[in-house]
Amino acid sequence: MADKLAIGSNKTEHSTRANWSQLPIDPFQLILSKLSVRNIKPLEAVCRPWLKAIKYISASSPSFACLPELPRLLLFRDEDNDGGRLSGFCSLKGKFYSLMNIPKELGDGYTICIGSSHGWLLFLTNKKRLLLLNPASAAAPLLLPPLNTFPDIDSIMYQYPPMEDSGIFLLKGTCGYWRKWMRKVVLSSPPTCSNKNSIGVLLMYNVGDGRNRLAFCTPADNKWTKLDEHERYLDVTSDCHRFYALREDYSVEVWGFPNSSAIKKLETIPAGAPMVAKLDYNFQLYMDKTDATDLFLVKTGASDLFLVAMVDSSAWETVRFDVYKLEYNPDGTSRWRRVESIGKYAVVLGSNHSILISPQEFDHAPGYHENSIYFLHASPSFSYDLIVYNVREIELKKVCYLGLLKQPAYWLERYPFSTSD
């Protein structure tokens with residue numbers, strides 16, 4: 001009786017003592033909407049009716065949203081093999097959280113973590129499979145098409161064929177190689193119970209010739225598909241089931257993936273190289289192309305596209321950023337225009353994944369910095385610092401010291417409300 005009331009009834013039993021296990025579904029959903037994912041997870045263990053109610057809400061209310069959580073940095077610190085052992089998370093404030101019940105894929109030495117997107121990690125296994133895993137969820141991993149169906153895989157394997165033992169990859173010692181050609185993974189949306197087999201997965205890769213290409217699949221596909229449009233991509237991102245790919249000429253390709261249908265290119269936005277103001281030897285002001293060492297494409301929830309150009313340095317105190325916004329002109333042309341502010345947004349930059357933080361997320365997380373860029377900086381000795389850069393004030397501040405990291409650290413967005421079956 002309690003299970004039924006907690007899941008679908010708006011009636012309550014009158015008693016002298018409240019029975020929280022029989023809380024009607026409507027007020028229960030209202031309570032959940034005021035909590036973050038991290039706060040909701042412990043409620044699943046309170047009683048069986050609450051667990052069933054949470055699963056019911058997540059399955060029957062696709063538009064349901066709880067409070068957003070800010071990104072966290074996934075750290076691999078304690079290594080006992082080449083794949084690394086997971087330590088936990090670091091917040092944007094520099095606070096460290098241990099991760100309990102570590103999924104076996106994160107520490108068994110038979111997998112390599114390649115990248116992250118929408119709170120999920122991409123792994124390569126010693127069985128020649130790519131899979132997606134949510135490290136903070138009990139959801140089963142999502143298997144992607146076999147590695148032997150990946151575009152240009154023969155060229156990749158020819159350059160550095162990993163050793164095999166009875167058909168099993170020996171991944172030890174090859175982490176750097178695989179991460180070098182698998183450059184970045186982007187999901188069209190966070191996997192949930194209802195869409196987990198129909199999400200789009202876009203992987204930017206290269207074969208050692210300096211040309212980044214794009215490959216696409218869904219978990220339901222039996223092979224990868226090469227997007228044979230261009231072979232010189234600089235960065236990719238996604239928003240609202242669309243992929244955005246920055247090309248070497250600084251134009252942006254927009255790829256659509258509506259209703260689980262085949263992916264197709266919707267448009268190419270010409271923009272031209274971003275320009276920055278510089279001084280020549282005679283101290284005359286002129287415009288020149290950016291001298292950035294890294295470029296990051298960021299899409300807001302509206303229609304804005306930003307290009308963040310990072311000029312790295314051996315010392316974090318001298319790192320510089322130039323931020324550009326894609327501007328549409330009345331004559332139908334477009335260009336990258338340098339801006340001095342990104343408003344109330346903040347950007348988290350990662351070598352594999354960049355994340356936009358919206359004003360709504362800051363409303364529930366006091367103490368963070370809007371109009372700022374968070375990034376990791378590596379010293380020549382491979383020790384890392386978490387740094388925040390204020391775009392308007394052009395100021396850098398060290399958030400915390402992360403120590404020596406021999407494995408890449410991955411930024412994770414808030415994970416989906418519910419991903420378990």
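Author: Two strands pair if DSSP finds at least two bridges between them; helices (H or I, at least four residues) and strands (E, at least two) are DSSP runs, numbered from the N terminus. This is a predicted model, in which local features need pLDDT of at least 70 and side-chain atom pairs count only at pLDDT 80 or more, while totals for chains, interfaces and linings use all residues. Residues are numbered from 1 along each chain as its sequence is written, and side-chain values use heavy atoms, with hydrogens and water left out.

Reader: Which residue stands opposite F306 in strand 22?

Author: The residue facing F306 is K325 of strand 22. Strand 21 (residues 305-311) and strand 22 run antiparallel and are joined by six bridges.

Reader: In what order do the strands of that sheet follow one another?

Author: The order is 20-21-22-23, an open sheet of four strands with antiparallel pairing. At its edges are strand 20 (294-299) and strand 23 (334-339), each of which pairs on one side only. Neighbouring strands here are turned by 30° against each other on average, direction ignored; the axes behind such an angle are lines fitted to C-alpha atoms, for helices over the stretch in contact, and angles run from 0 to 180 degrees between N-to-C directions.

Reader: How many aromatic pairs does the count come to?

Author: A pair of aromatic rings is described by the distance of the centres and the angle of the planes. Rings of Phe, Tyr and Trp (its six-membered ring) pair if their centres lie within 6.5 Å; planes under 30 degrees apart count as stacked, over 60 as edge-to-face and the rest as tilted. The count by this rule is seven aromatic pairs. For F321 and F375, the centres are 5.0 Å apart and the planes stand at 65°, so this pair is edge-to-face. F321 belongs to strand 22 (residues 320-328) and F375 to strand 26 (residues 372-378), so the pair ties together parts 54 residues apart in sequence.

Reader: Is F321 buried or exposed?

Author: Buried means under 20% relative accessible area, exposed over 50%, and partly exposed in between (1.4 Å probe, protein chains only). F321 counts as buried at 4% relative accessibility, and F375 counts as buried at 1%. F321 also forms a tilted aromatic pair with Y389, 5.0 Å centre to centre and 50° between the planes. Y389 lies in strand 27 (residues 383-390) and F321 in strand 22, so this pair ties together parts 68 residues apart in sequence. Y389 is buried, as is F321. Elsewhere, ring pairs link F150, W181, Y205 and W224 into a cluster.

Reader: How many residues has the largest nonpolar core?

Author: A nonpolar core is a set of buried Ala, Val, Leu, Ile, Met, Phe, Trp, Tyr and Cys residues joined through side-chain atoms within 4.5 Å. The largest has 28 residues, and L132, W178, W181, V201 and W224 have the most contacts inside it. A second, separate core has 19 residues, including V323, V339, L349 and F375.

Reader: What value is phi of N371 near?

Author: Phi of N371 is near 55°, a positive value in a residue other than glycine. N371 sits in the loop between helix 7 (359-363) and strand 26 and is buried, with a relative accessible area of 8%. Phi of I394 is also near 55°; I394 is in the loop between strand 27 and strand 28 (395-404) and is exposed, with a relative accessible area of 55%.
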